[in-house]
Amino acid sequence: MLGKYLTFLLTLMLVFQDSYLHLVGDKAHLSELKKLCEHAYTCFHDTVITCGKSVNEARTFLDLCDLYEYSCEYNMVFRHVKEEEGICPNPRELGQGVG
């Protein structure tokens, strides 16, 4: 019974993400996050590697669309920063993966 209840709650959170986001975080963060999510849904991938920074971390993204998608999915605001600042991992030094 508890598992079904948790599944139901998670489903509601996904369906009503905007409503859920109003319960957590401040208005400025939520407003910016909402804009990033809107960009994520309309963005076209161009595979131009991008550096993004949040409050606590910096990440290298495949492109700006990936930055938007990651921000939206994990409810974190990442902002695009210039790669010259040296805060993101160098994509040439990252592992190539398998396959």
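Trainee: In what order do the three strands sit in the open sheet?

Mentor: This is a predicted model, and in it the order is E2-E1-E3, with antiparallel pairing.

Trainee: And which strands are at the edges?

Mentor: E2 and E3, each of which pairs on one side only. From one strand to the next, the twist averages 40 degrees.

Trainee: How many bridges join E1 and E3?

Mentor: Three bridges, with E1 covering residues 50–53. Across from lysine 53 you'll find arginine 79 in E3.

Trainee: Switching to aromatics: how many pairs are there?

Mentor: The structure has four aromatic pairs. One of them joins phenylalanine 61 and tyrosine 70, edge-to-face, at 5.7 Å centre to centre and 65 degrees between the planes.

Trainee: What about phenylalanine 61 and phenylalanine 78, why is that pair called edge-to-face?

Mentor: Their planes stand at 80 degrees, with the ring centres 5.4 Å apart, so the pair is edge-to-face. The cut-off for that label is over 60 degrees.

Trainee: Where in the chain do those two sit?

Mentor: In distant parts, 17 residues apart: phenylalanine 61 is in strand E2 (residues 58–61), while phenylalanine 78 is in the loop between helix H4 (64–73) and strand E3 (79–81).

Trainee: Are they buried or exposed?

Mentor: Both phenylalanine 61 and phenylalanine 78 are buried. For phenylalanine 61 the relative accessible area is 6%.

Trainee: Last one: which residues do the ring pairs link into a cluster?

Mentor: Phe61, Tyr70, Tyr74 and Phe78.

How values were computed. Residues are numbered from 1 along each chain as its sequence is written. This is a predicted model: local features need pLDDT of at least 70, side-chain atom pairs count only at pLDDT 80 or more; totals for chains, interfaces and linings use all residues. Side-chain values use heavy atoms; hydrogens and water are left out. Rings of Phe, Tyr and Trp (its six-membered ring) pair if their centres lie within 6.5 Å; planes under 30 degrees apart count as stacked, over 60 as edge-to-face and the rest as tilted. Buried means under 20% relative accessible area, exposed over 50%, partly exposed in between (1.4 Å probe, protein chains only). Helices (H or I, at least four residues) and strands (E, at least two) are DSSP runs, numbered from the N terminus. Two strands pair if DSSP finds at least two bridges between them. Axes are lines fitted to C-alpha atoms, for helices over the stretch in contact, and angles run from 0 to 180 degrees between N-to-C directions.
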